[in-house]
Amino acid sequence: MRRHDWHHALRQAGSLLLLAAAASLVLWAVRSDRLPLLADPDAYALDLPVPLISQAEARRLYEAGSHLFIDTRRADAAGGIPGALVVREASFADDLAAVMDFVYPEDSLILYGDATPLPVAAVAVRFLERGYRNIWILQGGLTAWRLGGGPLREGSGGDE
Amino acid sequence: MSDRRQTFIDLLTTACAWGAGVVFLYASIDKIQHPAAFAQAIANYRMVPALLLHPFAWYLPVVEAAVGLALIVGWQRRGAALLAVLMTAMFIAAITTALLRGLDISCGCFDTSEGGKVGLDLLLRDIVLLVAAAVPLVMGRDRWSLDAWLGRGQ
């Protein structure tokens, strides 16, 4: 293709994109079931390897003391859920070795991050590979826990 | 170039444009009807930031429909072919990434139902589509197109 042909193709492509933008705006405006402009990340299941658990349910289990909470945030992250064990993806083997006496494959674990589940899912997969089966991810992470009035630990890091 | 050879090239170009156009137009229908389900299908690839999910889910199917119609009727055909090539390349990259990451997800290519898992067969199909879309882009001849009828054939 000559340079002129490319210019022509690009101009035509631009016209089509503008036309499609106008059409999609009209479609969005007239639909009664239109999606909000911004998506809520937690509203999408993202086909996570383990199920999500709501903040309310997690709080109930925390009060009952039946589940272990795993903090997957980076090392310098402040605060956290009291009693949570720190296991991060970047240092998974070392972190797990450090808490091996406190967490067994038959234990029930609730993993949490800052807010979105995707980074936490990577840690969940590592646990699954090690034979852990009872794993949940806290929906909304520590942000949701904090907003729900859950107890928080001062300072950085967790119980290692 | 002989008339016969030129006619063959024109036929091939138009056939590829129509084929790619029908595929794109058909692929857009279910996604335009079910944007929420399509947004979920996009989210499953874990490639698009949450901020862009809904605009993407609204805009992409409409672009597909516009490209499909433009390829079929031959209006702005070369530009439509360029967009078709770019979009198909993007789909191939997404499917390849999903396969390499071992994601067990639906393609979301033609409909937003749970069927049509990503796999090598889908990858091969998209490669064929890419080649088909590239033909009108490269050849540019569209004797049987609206552009040619309007006197703007390229």
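Chain B of this predicted model exposes about 7,200 Å², and carbon and sulfur atoms supply 71% of that area. Accessible areas here come from the Shrake-Rupley method with a 1.4 Å probe, and for residues only the protein chains shown count as cover.

Now for the fold. Chain B has 6 helices and 0 strands, giving the pattern α-α-α-α-α-α along the sequence. Helices (H or I, at least four residues) and strands (E, at least two) are DSSP runs, numbered from the N terminus. Among the contacts in chain B with a separation of 6 or more, 70% come from residues 24 or more positions apart; a contact means heavy atoms within 4.5 Å.

| Helix | Residues |
|---|---|
| α2 of chain B | 35–45 |
| α4 of chain B | 77–100 |
| α5 of chain B | 120–139 |

Let us start with a helix pair. Helices α4(B) and α5(B) pack at an angle of about 160°, with their axes 8 Å apart. Axes are lines fitted to C-alpha atoms, for helices over the stretch in contact, and angles run from 0 to 180 degrees between N-to-C directions.

Next comes α2(B), which is mostly covered, with 8 of its 11 residues buried. Among these buried residues are P35(B), F38(B) and Y45(B). Their cover includes α1 (3–33), α3 (50–73) and α4 of chain B.

Two backbone spots deserve a look. Most residues other than glycine have a negative phi. Just after α2(B), however, R46(B) takes a positive phi of about 60°. Q76(B), in the loop between α3 and α4 of chain B, has a positive phi near 55°. Q76(B) counts as buried because its relative accessibility is 11%.

A note on conventions: residues are numbered from 1 along each chain as its sequence is written, while chains are lettered from A and ligands numbered from 1 in the order in which they are written. Local features need pLDDT of at least 70, side-chain atom pairs count only at pLDDT 80 or more, and totals for chains, interfaces and linings use all residues, while side-chain values use heavy atoms, with hydrogens and water left out.

Methods: Buried < 20%, exposed > 50% of the residue type's maximum accessible area, 1.4 Å probe, protein only.
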